[in-house]
Amino acid sequence: MGYWKSKVLPKIKKVFEKNPSKKAAAAAEATKSFDDSKEEYNKVFEEKKTELQTKVVEIYEASPTEIKSLVKERNEGGLKKNTTQVHKFLEELVKIGADKISDFPGSKAASEASSKFGPTLASSSVFFVFEKVSTFVVTEEKEEKGETKTEETSSTVVQEREIVVEEEKKEDEKAQVTETSGEKKVEEQPAEAAAKEEEKSTEAADQKEEPAKA
């Protein structure tokens, strides 16, 4: 890969810079060749999906925000603005093969086409790879969201239980206050009745004394 970058690639670029139409034609040929291999890339991808996932997600997480956005929302404007980062991301995917894991399907051909013609002219190949990467990323994000929702639901349930307990405490306190008030009223009623009886007895005694005096 080092010899390709330092020796071969600069010469190819010089030839294409002198003749843009020739560059576009070569890019179109490379795209056609890539398209013819897509069926094989898809087959390998499905076979090696589990094996590739951990490494691909690791590379994605270490990538800048611009690349993450491009993986999820692919557009040529993003390729133009982030040419260097696109090259680097593709190269990282190619390196997966060096870790005794299968090459990421299509990454090598897409990386070579991107280096030769630029990501924009090789957009079809680049976006094919990005789309495959996105299947891992979307799955990871859905799982994370599911965990977050579960935590939020648990938190909500706990809060609702706390509210119910608080309301029950308040109801108990109200009931206790009512019972206490009732007891006081019951205690007061005999006292009031005794006082009235005493008043009646006093009045009756007074009435008896008055005729005697007369």
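Phe-104 is buried, with a relative accessible area of 1%. The model is a predicted one.

**Aromatic pairs**

The structure holds six aromatic pairs. Two of them are described here. In one, the ring centres of Phe-34 and Phe-128 lie 5.5 Å apart. Their planes meet at 75°, so this pair is edge-to-face; the cut-off for that label is over 60 degrees. Phe-34 sits in helix α2, while Phe-128 sits in helix α7 (residues 123-213). The pair therefore ties together parts that are 94 residues apart in sequence. Phe-34 and Phe-128 are both buried.

Phe-104 belongs to another pair, with Phe-45 as its partner. Here the centres are 5.9 Å apart and the planes stand at 65°, so this pair is also edge-to-face. Phe-45 lies in helix α2. Phe-104 lies in the loop between α5 and α6 (107-117). Parts that are 59 residues apart in sequence are thus tied together by the pair. Phe-45 counts as buried, because its relative accessibility is 1% and the cut-off is under 20%.

Lys-68 lies over the face of Tyr-60, at 5.7 Å from the ring centre.

**Salt bridges**

How many salt bridges does a search of the whole structure find? The search finds six.

| Pair | N to O distance |
|---|---|
| Asp-35 and Lys-38 | 3.3 Å |
| Lys-95 and Glu-92 | 3.4 Å |
| Glu-51 and Lys-48 | 3.8 Å |

Asp-35 and Lys-38 both belong to helix α2 (residues 20-61). They are three residues apart, about one turn of the helix. Asp-35 is partly exposed at 34% relative accessibility. Lys-38 is partly exposed at 24%.

Glu-51 and Lys-48 are also in helix α2. Because they are three residues apart there, about one helical turn separates them. Glu-51 has a relative accessible area of 37% and counts as partly exposed. Lys-48 is partly exposed too, at 29%.

Lys-95 and Glu-92 lie in helix α5, again three residues apart and about one turn of the helix. Is Lys-95 buried or partly exposed? Lys-95 is partly exposed, with a relative accessible area of 48%; the exposed class begins over 50%. Glu-92 is partly exposed at 27% relative accessibility.

Helix α5 covers residues 83-95, which makes 13 residues. At 1.5 Å a residue, the helix should span 18 Å. Its end C-alpha atoms are 19 Å apart, which agrees. Several α5 residues are buried, including Val-86, Phe-89, Leu-90, Leu-93 and Val-94. His-87 and Glu-91 are also on the buried list.

Lys-81 lies in helix α4 (residues 76-81). Lys-81 is exposed, because its relative accessible area of 74% is over the 50% cut-off. In sequence, Lys-81 and Thr-120 are 39 residues apart. In space, their C-alpha atoms are 10.0 Å apart.

Technical notes. Residues numbered from 1 in each chain as written. Predicted model: local features only at pLDDT ≥ 70, side-chain atom pairs only at ≥ 80, totals over all residues. Heavy atoms only, no water. Helix = DSSP H or I, 4+ residues; strand = E, 2+ residues; numbered from the N terminus. Buried < 20%, exposed > 50% of the residue type's maximum accessible area, 1.4 Å probe, protein only. Expected span 1.5 Å × (residues − 1). Salt bridge = Lys/Arg side-chain N within 4 Å of Asp/Glu carboxyl O. Phe/Tyr/Trp six-rings, centres within 6.5 Å; stacked < 30°, edge-to-face > 60°. Lys NZ or Arg CZ within 6 Å of the ring centre and 35° of its normal.
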